[in-house]
Amino acid sequence: MIDVNARFVTKLDPPFKVPPTSIAIPSNLTRLGLSTIINNLLQAGNPEWSHEPFDFLIDGEFVRMSLEQFLLAKGISAERTLEIEYIKAVVPRKEEEPSLHDDWVSAVDGSSPGFILTGCYDGLARVWKSAGVCTHILEGHTGAITSARIINSEDEESVTVATASKDQTLRLWKFNAEEPTNSHLKIRPFKILRGHKASVQSVSSQTSGDMICSGGWDSTINLWQTNEINTEGDLVSIKKKKKNDQAEESQLQGEAVSTLVGHTQCVSSVNWSQRDTIFSASWDHSIRRWDVETGKDLLNIYCGKSLNCLDIGGEGSMMIAAGGSDPILRIWDPRKPGTSAPVFQFSSHTSWISACKWHNKSWFNVLSSSYDGKIMLWDLRTAWPLSVINSHQDKVLCADWWKGDAVVSGGVDSKLRISSGISVQ
């Protein structure tokens, strides 16, 4: 074993900075040994220092083996002084208490910092302020909820959300997320969207919130308006009498504005994060990019596997992450020629992938959930997961980021789990 000279650098704020001098360290050290050195150096300058896990990069790549093996693999001379960057380890610091549901938790949306939206196989959507604190129950579907999306939450006094279900409909809901409540407020949908001929599998909102799109088992993608105004050809008002002849409830019914046709099997995931472009993934093994105005698919990536999930993010908000009927999370960059080949493949899961989601403040970080019961946090700068979350006792069906530093997930164990305190740089 030989020693190597190393200088530790960081972009972290002063309490985390160690002296910039070069020191000799054993080459058989792995990440844990390097983390111990950093903590010892920090403790030497601050006796109050409490131990913190760190990750390490050399030349922009994560160290996931001993220094000696890393230098050998990368062809780096052991004679040179290594500049080793350290960052806070991307791991959850805390597992919150589980939030219990009556059936499988099949959908979760963490895009609002003020609450979490879940969808469940009992046909109900729920709003959670924090772990175990359910404030609203959204009642109306007659089948399992498959997907749930927050359309607009900037004004928490008037939040709009959409849900998709095996009952072949989508429903739109409005509620006040800031309303103080000690019990579960029951909310009815203000609009029912009918048009799919089979189970609706996925829903996504246009950034403006004026429209949503949905994909279903009928192989189509439908586009819908989210307004409450009676637009010609869009809305029909249906009235139901409440029990005991109380006030009548008026419910709007919407029809699809347009339909995108091209997939030949279930459209399992849709994403409308760019104004004029919809991305879709299907069990027909393809990912497609659609021009909303013309209804044409401008890109067709053949994957060779049935796909369950898709998300757009990363560098330039252009990278495509997708997973499905094998344990591999694949990443494509549609800006590169020969786009059909993934630019990254992550293969640490042992079963099908159920969900994937980019971190909205990082080019590098993406999560995946799987039927193997695990959620993995990935960084494009290493082939190994930065962290594996084992908070579920069975298949994980859905996962998302929340507040930038937490992961929310649901599964067959009928629980919403919140893994918090994750430092993403």
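Biologist: What makes residues 31-45 helix α1?

Modeller: Helices are DSSP runs of H or I with at least four residues, strands are E runs of at least two, and both are numbered from the N terminus. α1 has 15 residues.

Modeller: Residues are numbered from 1 along each chain as its sequence is written, and side-chain values use heavy atoms, with hydrogens and water left out.

Biologist: Which residues of α1 are called buried?

Modeller: Among them are Leu34, Ile37, Ile38 and Leu42. Buried means under 20% relative accessible area, exposed over 50%, partly exposed in between (1.4 Å probe, protein chains only). The buried residues of α1 pack against β1, β2, β3, α2 and β5, where contact means heavy atoms within 4.5 Å.

Biologist: Why are β2 and β4 called edge strands?

Modeller: Two strands pair if DSSP finds at least two bridges between them. The open sheet runs β2-β1-β5-β3-β4, and β2 and β4 each pair on one side only. β3 and β5 have five bridges, in the antiparallel sense.

Biologist: How confident is the predictor in the chain?

Modeller: pLDDT is its confidence in each residue, from 0 to 100. The chain averages 92, but residues 231-249 fall below 50. Where pLDDT is low, the predicted coordinates should not be read in detail.

How values were computed: Predicted model: local features only at pLDDT ≥ 70, side-chain atom pairs only at ≥ 80, totals over all residues. Expected span 1.5 Å × (residues − 1).
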